[in-house]
Amino acid sequence: MGSRQKAAAAVTGFAIVLGATQMPACPAQAVAGTADIHPIESNVAAKFWASATATSNSSTARQAVDGDPATSWFADAPGPQRVTVDLGGAYDNLRKVRVVFADPGVHRYVVEASSDGRRWTRIADRSHSRVRSRGAVELFTRPRTRFVRLAVDPLPGGAKVGVSELQVFNYLRDDLVLGADLSSVDDFQTRDYWVDPLGADRGAGPRLLDVAKDRGMQFARLRIWNEPRAESTGQPTAVPRQGPDRSLESARWVKQRGMGLGIDFHYADSWADPSKQPKPRAWAQLDFNDLNRSVYDFTAGYLRRLVKQGTAPDKVAVGNEIINGFLYGSEAATIGTTSPPYFVDQAAIYQSKPGGGLLWQYWGSTDPTEQRLYNESWDRFTTLAASGIKAVRDASPRSKVEIHVVVDKGRLAKTMEFWHQFLTRVKVKGQHPDVLAISYYPQWHGTLEDLEVNLHTMATTYPQYELEVAETAYPASGGDTPQPNSPFPQTVQGQADAIQRVFQAANDVVGNRGSGVLTWEPASYQAMFRAVPGLPNTWEPYASINVYNASRATHVLEDTVYATTVVGAPPALPATVRVLTIADSLLTDVAVRWQALPPGATDAPGQVTVSGVTDHGPVTAVVDIVKGEHR
């Protein structure tokens, strides 16, 4: 997390389609505020990385998958036609395809899916249709789908085939881990937390982790400071919160609740982030070889303590937001670091020996001396990092290793240079990570579209690694004005929407490479909790916290039906629609209760919509009203 964010924390201690068709909105279930939260669904065919081809007029095939119903692809030749969308990578939880033609008619077609573009599985067959319709919603289950193909028979009379939309919907995977950095469980041990502290049944509690687990957080990350010190003076803190000893107890609390455990080594006595990476005081005056040995010994030693007490971590981050290196030493004078204050005020100690800071100002320099200094800084940094990785492998071999950086707004090239240098060099040193992680805070890291670009670039450049958004957050207070680079208001609802959109971005990474999203310190920074008025020392969650439980669909509904009727005649709407149960991929029928059309709704050619409701959510009928004999 950035230095400005850390300072704030210290003081206080959209192109998204939300699946209203899958299941009813989750009620708030919390006293503080309200949030209308629906399961995530995402039309990945419209993503910038997807591409489309067609049997004819292929240059305009993109218009069939661009998410804009006002644009259409039209064949420029007679005969059977195919439109194929390449989603850019495999997806395991695609569940719905929507086919919309440019005009209502008797469209006969099949929809097929494939992993490789060669072997195809039929997922919908309307090749014998006799009914005029603009399209249909098709439900299916087929893991590892990358390609979806629409094959259309010729239209009567030689009319040209036109496709307005071929949409393919992705849903939140079960293995996308949602959690938070909950290091503040150490700070807030004496607080009471309840889901509904004023209710007759207060729900989960009385600890922060109880509410977090109950509300759907599956994973808790804990930061580890070597010897906790005050950010301003560098003096040891009276209570060594987030230090190694106290964090052993925090780890036990996490594991007792069946949550995944992450360990985030800062390799510092206070905050480490992109703007500051101070050495621990105990290591500050060590020669480099001794510093390197200390990284290994500290990492392995602490992990062995965790393993011994039965709390082996699921994931270990070697450093925190280390885009600029870590364990700064004498190179800090060249880097220009001005914080933390004790690092500058005690430069004779903290900057006396070389460390692992990166000399980015020499990146791309043609000066031989600057090139040498740049490469030497990388060698020192990756030597230290490789020792940390090796320590994890030796002490806790089942733990995944994460390297966590940032992608500042407009600085993707820098981050990709980081990955190139880092991954190449640690491989030479015999090590490798498992997870490449980034932070995402819109005010510093850009728009949600930037986030998607960053994740996609990393995923396609390094497909052998998992990707994680290791930190994100959004405020629940501040009013209707969004944060910079965000479309969401600073409200309880806006907080839920902003966090859910990050879930979506991670879930939509091609190849199922997005492995998780963690919010940062939801009990303190841009908090998802508040103090309960009138109840001393009691805290409750905002309704936005239900985003963890409510973002996964349990059912996917045939949420749109298309019908055609002639002028003056009521449409024939189906009594049931299909519903897919995700847990077992079972397709069943569910009854629809349609609203009545207002008088005169079909008196003229055009299009009307009719609302319906089912036990699994709303349905919309799109009715084309045409002249002539109804077919």
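Strands are runs that DSSP assigns as E, at least two residues long, and they are numbered from the N terminus. Two such strands pair if DSSP finds at least two bridges between them. With these terms in hand, the reader may turn to the structure, which is a predicted model.

The protein chain has 13 helices and 31 strands. The radius of gyration of the protein chain is 28 Å, close to the 25 Å that the globule rule gives for 631 residues, and the chain is therefore as compact as a globular protein of that length. Taken along the principal axes, the box filled by the C-alpha atoms is roughly 90 × 65 × 45 Å.

Attention may now pass to three of the strands. Strand E27 covers residues 576-581 and pairs with strand E25, residues 555-557, in the antiparallel sense over three bridges. In this part of the chain, Leu557 has Val579 of E27 as its bridge partner. Strand E27 is also joined to strand E28, residues 586-591, by six bridges, and these two strands run antiparallel. Here Val577 has Val590 of E28 as its bridge partner. The hairpin of E27 and E28 has four residues between the strands, and in this hairpin Ser585 takes a positive phi near 60°.

Of the 631 residues, 59% count as buried. The accessible surface of the protein chain comes to about 23900 Å², and carbon and sulfur atoms account for 51% of that area. The side chains include 64 positive and 66 negative ones, and the centres of the two sets lie 4 Å apart.

Definitions and conventions. Residues are numbered from 1 along each chain as its sequence is written. This is a predicted model: local features need pLDDT of at least 70, side-chain atom pairs count only at pLDDT 80 or more; totals for chains, interfaces and linings use all residues. Side-chain values use heavy atoms; hydrogens and water are left out. The radius of gyration is taken over C-alpha atoms; the globule rule is 2.2 Å times the number of residues to the power 0.38. Buried means under 20% relative accessible area, exposed over 50%, partly exposed in between (1.4 Å probe, protein chains only). Accessible areas come from the Shrake-Rupley method with a 1.4 Å probe; for residues, only the protein chains shown count as cover. Lys and Arg count as positive and Asp and Glu as negative; His and the chain ends are not counted. The place of a charge is taken as NZ of Lys, CZ of Arg, CG of Asp or CD of Glu.
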